Amino acid sequence: MPLHDDLTAAQRSLDELVRSLGLLEERLGSGLEVRRVRTDAGHLRESLALLRAAVPAARPAAGPDLVTISDTPYDTALWSSAASSATDGYVDDEGIGARDRHAP
């Protein structure tokens, strides 16, 4: 679960707690115990607001970087044996290898 969703769930739970405290206060009256719990819930609300402010806003996931491949034909000199000194004068055929070498 992403962090933003966790914070939202905590906020919902805290809102439900405050609502339940209101119902308890109606039944029990506004005695010292109820006021203390209500004050604690207010502190939790402030702390959660600080947490939400500290977390960067959720950004949509970035897709992969796309590379544009031109439709123009490649330069045929890329496949000449003069272009590749690493193959001793021969160009490797992709998946096959050089003409004068064999697979191990």
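A residue is called buried under 20% relative accessible area, exposed over 50%, and partly exposed in between. The model shown in these views is predicted.

Figure 1. The side chains of Arg-19 and Glu-16 meet in a salt bridge, with 2.6 Å from N to O. Arg-19 has a relative accessible area of 46%, and therefore is partly exposed. Glu-16 also counts as partly exposed, because its relative accessibility is 38%. An α-helix has 3.6 residues a turn, so residues three or four places apart point the same way.

**Figure 2. The two helices of the chain.** The chain contains two helices and zero strands. Helix H1 covers residues 3-28, and helix H2 covers residues 32-54. The 26 residues of H1 should span 38 Å at 1.5 Å a residue, and the end C-alpha atoms of H1 are 37 Å apart, which agrees. Just after H1, Gly-29 takes a positive phi of about 90 degrees.

**Figure 3. Buried residues of H1 and H2.** In H1, the buried residues are Leu-7, Thr-8, Gln-11, Leu-14, Leu-21 and Gly-22. What covers these residues of H1 includes H2. In H2, Val-34, Ala-41 and Leu-48 are buried, and the cover of the buried residues of H2 includes helix H1. Over the chain of 104 residues, buried residues make up 12%.

**Figure 4. A salt bridge between Arg-45 and Asp-15.** Arg-45 forms a salt bridge with Asp-15, and the closest N and O atoms are 3.3 Å apart. This pair links distant parts of the chain, as Arg-45 belongs to helix H2 and Asp-15 to helix H1, 30 residues apart. Arg-45 counts as partly exposed because its relative accessibility is 34%. Asp-15 is partly exposed, with a relative accessible area of 34%. The C-alpha atoms of Asp-15 and Ala-41 are separated by 9.2 Å, although these residues are 26 residues apart along the chain. Ala-41 is one of the buried residues of H2.

**Figure 5. A salt bridge between Glu-25 and Arg-38.** The side chains of Glu-25 and Arg-38 meet in a salt bridge, with 3.0 Å from N to O. This pair also links distant parts of the chain: Glu-25 lies in helix H1 and Arg-38 in helix H2, 13 residues apart. Glu-25 counts as partly exposed at 24% relative accessibility, and Arg-38 counts as partly exposed at 31%. The structure holds three salt bridges.

**Figure 6. A nonpolar patch on the surface.** Val-67, Ile-69, Tyr-74 and Leu-78 make a nonpolar surface patch of about 510 Å². Leu-78 is found in the segment after H2. With a relative accessible area of 53%, Leu-78 is exposed, because the cut-off for exposed residues is over 50%. The accessible surface of the chain comes to about 9,200 Å², and 58% of this area belongs to carbon and sulfur atoms.

Note on methods
Residues numbered from 1 in each chain as written. Predicted model: local features only at pLDDT ≥ 70, side-chain atom pairs only at ≥ 80, totals over all residues. Heavy atoms only, no water. Helix = DSSP H or I, 4+ residues; strand = E, 2+ residues; numbered from the N terminus. Expected span 1.5 Å × (residues − 1). Buried < 20%, exposed > 50% of the residue type's maximum accessible area, 1.4 Å probe, protein only. Contact = heavy atoms within 4.5 Å. Patch = residues over 30% accessible without salt bridge, like charges linked within 9 Å, V, L, I, M, F, W, Y side chains within 5 Å. Areas by Shrake-Rupley, 256 points an atom, 1.4 Å probe, with all protein chains shown as cover. Salt bridge = Lys/Arg side-chain N within 4 Å of Asp/Glu carboxyl O.
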